[in-house]
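Welcome, and take a moment to turn the model around before reading on. The paragraphs below walk you through it one stop at a time.

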Amino acid sequence: MFEEKDTIHIFPYPVWLFNVEADRADRLNQKAHASIEKMRKAEPSGIPGSHWQSPNDLQDNDDFADLVTTIRDATKEIFSELHIATDKFLVTGMWINLRPPGTQHPAHTHPNNYLSGTYYVTAPSGGDAIVFRDPRPETNIISPQFSEQNELNTREIMVPVKPGAMVMFPSWLPHFVPPNQGDTDRISISFNVMFESYGETISRPKWTFGQSTDDRS
Ligand SMILES: [Fe+2]
């Protein structure tokens, strides 16, 4: 009946998965554990058993310099893949999330940044996933029964993670962390990346006055 059939995926959402080399990940994780112990003594959780979050400027803390380098290397690879014609960017925020068994993190985005991500120091079995949610509300106006779920018929996609993994994604892409059903703490370090001179350069019109163009955005 058909000479051929193809399915093209238009406007795909990218999520990048990096696995840091084992030696490097070991060093990053040892430093993170030592630093967490130090910080938690200074600023303990308000409620025992509840989640703990570090200050959000760890990108300026020497203990995390190697992680910043790792994030910068990953960002350069993403910029290259997206053909972004600037190499000037900042890690604008970085913080630790320590989530004991039973705790979760509701759906959210990371405003005012271009890329966001999370590096995993620990990811206990049962607490080893991040879930991305389709930001198009119209996609489930009609939602039939599906015999099988795949990326074309689901609104949420769970991405498994492990210690030493780093997940990066567009900052506008909603995501959440399901309850930690493991027996130990889940420790992750989240961060944001933004262009260094967004207002000064990137926000300026891309078209030149007086020249004919269809791209007057
Ligand atoms: Fe997040």
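Along the chain, the donors of the iron ion follow the spacing H-x1-H-x64-H. In this predicted model, those donors are His 108, His 110 and His 175, each reaching the iron ion through its NE2 atom, at 2.1 Å. The site brings distant parts of the chain together: His 108 sits in strand β4 (residues 105-108) and His 175 in strand β9 (residues 175-177), 67 residues apart. How covered are these two residues? His 175 is buried, with a relative accessible area of 4%, while His 108 has 22% and counts as partly exposed.

Follow the order β4-β9-β6-β7 and you will pass through its four strands, with antiparallel pairing. The edges of the sheet are β4 and β7 (156-160), each of which pairs on one side only. On average, neighbouring strands here are turned by 20 degrees against each other, direction ignored.

Now look at the end of this sheet where strand β6 (residues 129-133) runs antiparallel to β7, joined by five bridges. Here Arg 133 stands opposite Glu 156 in β7. What do the side chains of Arg 133 and Glu 156 form? They meet in a salt bridge, 2.8 Å from N to O. Because Arg 133 lies in strand β6 and Glu 156 in strand β7, the pair ties together parts that are 23 residues apart in sequence. Arg 133 is partly exposed, with a relative accessible area of 31%, and Glu 156 is also partly exposed, at 35%.

A search of the whole structure finds four salt bridges. Side chains of opposite charge can pair when their charged atoms come close. Another of these contacts joins Asp 66 to Lys 31, with the closest N and O atoms 3.5 Å apart. Asp 66 is partly exposed at 30% relative accessible area, and Lys 31 is partly exposed at 37%.

Next, find strand β8 (residues 165-170), which is mostly covered: six of its six residues are buried. Strand β1 (residues 16-19) runs antiparallel to β8 and is joined to it by four bridges; within this pairing, Trp 16 has Met 168 as its bridge partner. Strand β5 (residues 115-120) also pairs with β8 in the antiparallel sense, over five bridges, and there Leu 115 stands opposite Pro 170.

For a last stop, move to the surface. Ile 8, Ile 10 and Phe 11 make a nonpolar patch of about 410 Å². Ile 8 has its place in the segment before β1. With 65% relative accessibility, Ile 8 counts as exposed, because that value is over 50%.

Definitions and conventions. Residues numbered from 1 in each chain as written. Predicted model: local features only at pLDDT ≥ 70, side-chain atom pairs only at ≥ 80, totals over all residues. Heavy atoms only, no water. Donors = N, O, S within 2.8 Å, 3.2 Å for Na, K, Ca; no water. Helix = DSSP H or I, 4+ residues; strand = E, 2+ residues; numbered from the N terminus. Buried < 20%, exposed > 50% of the residue type's maximum accessible area, 1.4 Å probe, protein only. Pairing = 2+ DSSP bridges. Axes fitted to C-alpha atoms, helices over the stretch in contact; angles between N-to-C directions. Patch = residues over 30% accessible without salt bridge, like charges linked within 9 Å, V, L, I, M, F, W, Y side chains within 5 Å. Areas by Shrake-Rupley, 256 points an atom, 1.4 Å probe, with all protein chains shown as cover.
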